[in-house]
Amino acid sequence: MKRITRLITLIPIVAIGVFTTSIYSPSAIAEDWKVKECEADNDNGGNPVIVCNDGYSIAVFWNDGDYVNGWCNDSWSDYDVDYRGLSRSDAMSWVRYLCD
């Protein structure tokens with residue numbers, strides 16, 4: 001009975017977490033890019049990635065769901081970068097590398 005009570009109180013908390021995550025998660029999906037803007041490659045660790053670049057913004061997608069999405073600006077400090085699965089400095093390194 002105690003487990004059921006815990007489960008009943010946990011369900012709304014989990015539902016709220018899923019709902020807010022879906023609202024605030026950045027939309028970084030490969031389908032937003034045109035085929036001519038993307039190519040298959042490998043990162044330094046040999047992991048397959050899809051790299052997209054349209055001249056104004058870049059994206060890198062890994063098979064495990066990690067990604068980097070960024071805009072190429074004139075100022076290195078003003079990058080608007082969304083990322084998941086790596087550190088901010090690693091994400092910024094990808095943006096700098098692909099925007100140069």
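Analyst: Let's start with F61, which counts as buried because its relative accessibility is 10%, and buried means under 20% relative accessible area (over 50% is exposed, anything in between is partly exposed, using a 1.4 Å probe and protein chains only). Before we go on, please keep in mind that this is a predicted model, where local features need pLDDT of at least 70 and side-chain atom pairs count only at pLDDT 80 or more, while totals for chains, interfaces and linings use all residues. Residues are numbered from 1 along each chain as its sequence is written, and side-chain values use heavy atoms, with hydrogens and water left out.

F61 sits in strand β3. Helices and strands here are DSSP runs numbered from the N terminus, with at least four residues of H or I for a helix and at least two of E for a strand. Along the chain, F61 and V49 are twelve residues apart, yet their C-alpha atoms are separated by 5.5 Å.

Now step to W62, which is also found in strand β3. W62 is buried because its relative accessible area is 14%. The C-alpha atom of W62 is 6.7 Å from that of I50, a residue twelve positions away in the sequence. Which residues does W62 touch, not counting residues up to four places away in sequence? They are D43, N47, P48, V49, Y67, V68, L86 and W94, where a contact means heavy atoms within 4.5 Å.

One of those neighbours deserves a stop of its own. D43 lies in the loop between β1 (38–42) and β2. The side chains of W62 and D43 are joined by a polar contact of 2.9 Å; that term means a pair of N or O atoms within 3.5 Å, where within protein one must be able to donate a hydrogen and the other to accept it, and residues adjacent in sequence count only if both atoms are side-chain atoms. A polar atom of the D43 side chain also lies 3.0 Å from the backbone nitrogen of G45. Setting aside neighbours within four places in sequence, D43 is in contact with V49, W62 and W94.

What about the charge on D43? D43 is buried yet has no salt bridge, and R84, the nearest side chain of opposite charge, is 14 Å away. A salt bridge needs a side-chain nitrogen of Lys or Arg within 4 Å of a carboxyl oxygen of Asp or Glu, and in the charge count Lys and Arg are positive, Asp and Glu are negative, and His and the chain ends are not counted.

E37 lies in the loop between α1 (2–24) and β1. E37 too is buried without a salt bridge, and K34, its nearest side chain of opposite charge, is 4.7 Å away. Not counting residues up to four places away in sequence, E37 touches V51, C52, N53 and D54. The C-alpha atoms of E37 and D54 are 5.6 Å apart, although 17 residues separate the pair in sequence.

Back to W62, this time as part of a group. The largest nonpolar core has twelve residues: V49, V51, I58, V60, W62, V68, V81, A91, M92, W94, V95 and L98. Such a core is a set of buried Ala, Val, Leu, Ile, Met, Phe, Trp, Tyr and Cys residues joined through side-chain atoms within 4.5 Å. The elements giving two or more residues to this core are β2 (48–53), β3 (57–62) and α2 (88–99). With five residues, α2 gives the most to this core. There is also a second, separate core of five residues, and W33, C52, A59 and Y67 are among them. In soluble globular proteins, nonpolar side chains tend to be buried together.

For contrast, visit D82 in strand β5 (residues 81–84). D82 counts as partly exposed because its relative accessibility is 32%.

Finally, zoom out. The chain holds two helices and five strands, in the order α-β-β-β-β-β-α along the sequence. Of its 100 residues, 25% count as buried.
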